[in-house]
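This report describes a structure in terms of its secondary structure, surface and charge. The sequence and the model are shown first.

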Amino acid sequence: MARTVTTNRKLVFTVIGWAIGLTLFFPILWTFLTSFKTEGEAIATPPSFLFFDWTLENYLTVNDRSDYFRHAINSVVISLGSTALGLLVAIPAAWSMAFTPTKRTKDILMWMLSTKMLPAVGVLVPITLIFRDTGLMDTRTGLVIVLMLMNLPIIVWMLFTYFKEIPGEILEAARMDGATLGKEIIYVLAPMAVPGIASTLLLNIILAWNEAFWTVLLTTNNAAPLTAMIAQYSSPEGLFWSKLSAASMLAIAPILVMGWFSQKQLVRGLTFGAVK
Amino acid sequence: MTHSKTIGLAFGALLASTALAGAETLTIATVNNGDMIRMQKLTGAFTEANPDIDVEWVTMEENVLRQKVTTDIATKGGQYDIMTIGTYEVPIWSKQGWLVPLEFDDSYDVDDLLPAIRDGLTTDGELYAAPFYGESSMVMYRTDLMEEAGLEMPDAPTWDFIKQAAEAMTDKENEVYGICLRGKAGWGENMAFLSAMANSYGARWFDEEWNPQFDGEAWKATLTDYVDLMQNYGPPGASSNGFNENLALFQTGKCGMWIDATVAASFVTNPDESQVADKVGFALAPDKGLGKRSNWLWAWNLGIPAGSAKTEAAQKFIAWATSKDYAELVASEEGWANVPPGTRKSLYENPEYQEAAPFAEMTLESINAADPTNPAVDPVPYVGVQFVAIPEFQGIGTAVGQQFSAALAGSVSVDQALQTSQMLTQREMMKGGYIK
């Protein structure tokens with residue numbers, strides 16, 4: 001029997017939903033407002049919400065001091081590149097684990113996940129040395145490889161979960177019809193797994209976009225993405241909150257827009273298989 | 001466009017790119033502060049005079065910079081040709097052979113550098129980094145509140161006076177707190193302030209045999225007075241306040257006194273940022289009558305990592321950026337008040353600078369009052385006023401800072417905090433082989 005949802009109950013859920021949503025969104029809204037304030041207004045108590053002298057000065061300063069487009073292009077190349085490369089490696093890996101599991105598949109999955117438990121700084125020196133010796137320091141290629149490796153366990157895990165939901169019989173049927181392995185993955189598996197692949201892609205682009213340890217430490221100028229640009233505006237001695245907010249808004253704007261347009265796929269992908 | 005014009009333009013572009021390719025590019029890692037940002041803007045003057053050198057800047061937040069340059073220099077990564085480093089790093093790195101000694105010609109006038117700053121950058125008689133800007137700490141106070149309290153701030157106050165003034169200025173109902181001090185844990189946060197305060201109380205980090213001294217009476221008196229002062233007259237939640245938090249409190253009129261870096265003087269007197277810009281007075285950091293004041297000494301310096309292939313060009317840039325001519329250039333472009341302070345005697349002798357920067361005299365006196373080679377009342381085996389220039393100090397300083405911050409928050413007692421600090425410092429010093 002279908003459950004009936006009363007209007008009151010709907011109202012309560014709507015209010016709770018909005019409250020949670022607004023709470024989560026508030027820091028971004030505050031950063032947005034601060035980016036239009038002067039440094040004096042940014043620290044004023046009580047803080048002014050909307051009624052202050054709106055200024056674009058901070059954006060002009062950031063634009064003047066930093067090459068925003070170079071950083072933005074680096075962010076795009078690094079996040080898209082590392083995600084694409086990751087998918088290229090992870091799709092076959094997840095396919096084999098989901099459809100032809102062995103005794104050790106679970107252990108391998110756990111082992112892959114365990115690499116995420118090591119704090120990144122633990123491998124800082126070895127990776128720096130490898131980068132130094134291979135000439136990858138401050139290159140997009142280097143960052144694409146490192147971020148791909150960092151996110152690979154998550155990509156494999158997510159894809160594995162989605163692939164497991166797909167009945168193996170369909171693939172078997174394709175094989176019976178004479179499909180080769182490549183055709184089976186491209187024409188049968190991939191179309192069915194599109195929501196899963198899409199949400200994995202989006203989530204990993206966001207993770208790579210926000211990654212601020214390796215992208216800051218392994219770059220100087222040429223390959224420095226937006227995370228490195230933000231790091232320029234923080235200071236323990238001096239209040240540059242408005243400028244920092246302006247730099248942050250510029251850095252998150254592209255990913256925010258992308259997230260906004262693809263939220264349907266993201267939600268669908270993230271909740272895929274969660275409720276049965 | 002005719003063919004010949006196109007070919008001509010293409011040829012010109014090729015020549016230009018070849019010329020650019022021929023220029024040596026210096027990559028400079030630096031911190032995000034006003035003086036460094038200004039230097040980036042003025043770099044054109046250097047590259048015009050040296051067309052064969054190109055300059056590329058990498059600006060970072062202080063802690064990120066420290067992590068990046070330390071990794072780079074320890075692994076000989078070679079990402080940077082010039083690094084902006086603090087007075088803490090210079091003695092350690094120079095002893096490790098990580099820095100190139102600097103040599104300047106007579107026109108640079110090395111003897112013009114302030115001795116307190118220069119001493120901290122010299123190892124075995126050689127200068128390993130050139131100071132770009134220097135700072136000490138001092139008392140900044142609200143002249144109006146002081147007057148209302150019926151008190152007059154002496155030029156060189158004692159801790160007893162500070163306590164008396166803090167009590168008189170506190171008006172918790174109106175959210176005005178007599179004193180704001182650093183409470184956030186960290187070797188460069190609360191420990192910078194507390195190590196300097198301890199110096200004035202006759203305490204020291206280590207005795208001459210490297211034994212930690214937190215079990216002595218001097219440290220107990222320091223921490224007890226600090227905690228009492230802050231719990232009675234300080235702002236709520238002070239254990240998470242660092243420089244920026246206190247700056248915001250002072251600028252919005254919530255602090256009667258604030259003892260912190262001299263660089264803050266230009267912020268709190270700037271009417272665009274500060275609500276109390278015209279009501280700020282300055283005094284030397286307090287003392288306890290034992291011959292040492294509680295002011296620290298810090299400088300941001302430019303150094304060349306060993307292994308840089310562009311040592312000559314890097315040296316040329318450092319000589320330019322830390323020269324008297326650079327000070328003149330800043331003055332002509334942005335006014336004398338914006339010249340980087342705290343490095344050269346000649347700047348403080350300049351009447352134009354004295355007029356433009358009302359806090360100049362106090363800054364110079366504060367810097368001169370600090371002695372990095374002899375910071376405490378009793379002799380010590382280390383260099384550094386508010387730090388100990390050994391590699392282990394960052395870890396030890398932060399761990400002790402956490403104990404002291406907890407004491408301020410009231411989650412442990414002063415005695416417990418000191419006892420734990422003594423134990424953990426002793427353990428680390430034994431591990432480091434300083435004591436057996």
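In which helix of chain B is the place of B:E148? B:E148 belongs to helix 6 of chain B, which covers residues 143-148. The model is a predicted one, and the values below were computed from it.

**A charged patch on chain B**

B:E148 is exposed, because its relative accessible area is 66% and the cut-off for exposed is over 50%. On the surface, B:E148 gathers with B:E147, B:D171 and B:E173 in a patch of negative charge.

**Overall features of chain A**

The secondary structure of chain A consists of 14 helices and 0 strands. Read from the N terminus, the order of its elements is therefore α-α-α-α-α-α-α-α-α-α-α-α-α-α, with helices taken as DSSP runs of at least four residues. Further values for chain A are set out in the table.

| Property of chain A | Value |
|---|---|
| Span of the C-alpha trace along the principal axes | about 70 × 65 × 30 Å |
| Accessible surface | about 15,500 Å² |
| Distance between the centres of the positive and negative side-chain sets | 11 Å |

Of the 276 residues in chain A, 42% are buried. Carbon and sulfur atoms account for 71% of the accessible surface of chain A. As for charge, chain A carries 19 positive and 16 negative side chains.

Among the contacts in chain A with a separation of 6 or more, 76% are between residues 24 or more positions apart.

Notes. Residues are numbered from 1 along each chain as its sequence is written. Chains are lettered from A and ligands numbered from 1 in the order in which they are written. This is a predicted model: local features need pLDDT of at least 70, side-chain atom pairs count only at pLDDT 80 or more; totals for chains, interfaces and linings use all residues. Side-chain values use heavy atoms; hydrogens and water are left out. Patches are made of residues with over 30% relative accessible area and no salt bridge: like charges are joined within 9 Å, nonpolar side chains (Val, Leu, Ile, Met, Phe, Trp, Tyr) within 5 Å. Accessible areas come from the Shrake-Rupley method with a 1.4 Å probe; for residues, only the protein chains shown count as cover. A salt bridge is a side-chain nitrogen of Lys or Arg within 4 Å of a carboxyl oxygen of Asp or Glu. Lys and Arg count as positive and Asp and Glu as negative; His and the chain ends are not counted. The place of a charge is taken as NZ of Lys, CZ of Arg, CG of Asp or CD of Glu. Helices (H or I, at least four residues) and strands (E, at least two) are DSSP runs, numbered from the N terminus. Buried means under 20% relative accessible area, exposed over 50%, partly exposed in between (1.4 Å probe, protein chains only). Contact means heavy atoms within 4.5 Å.
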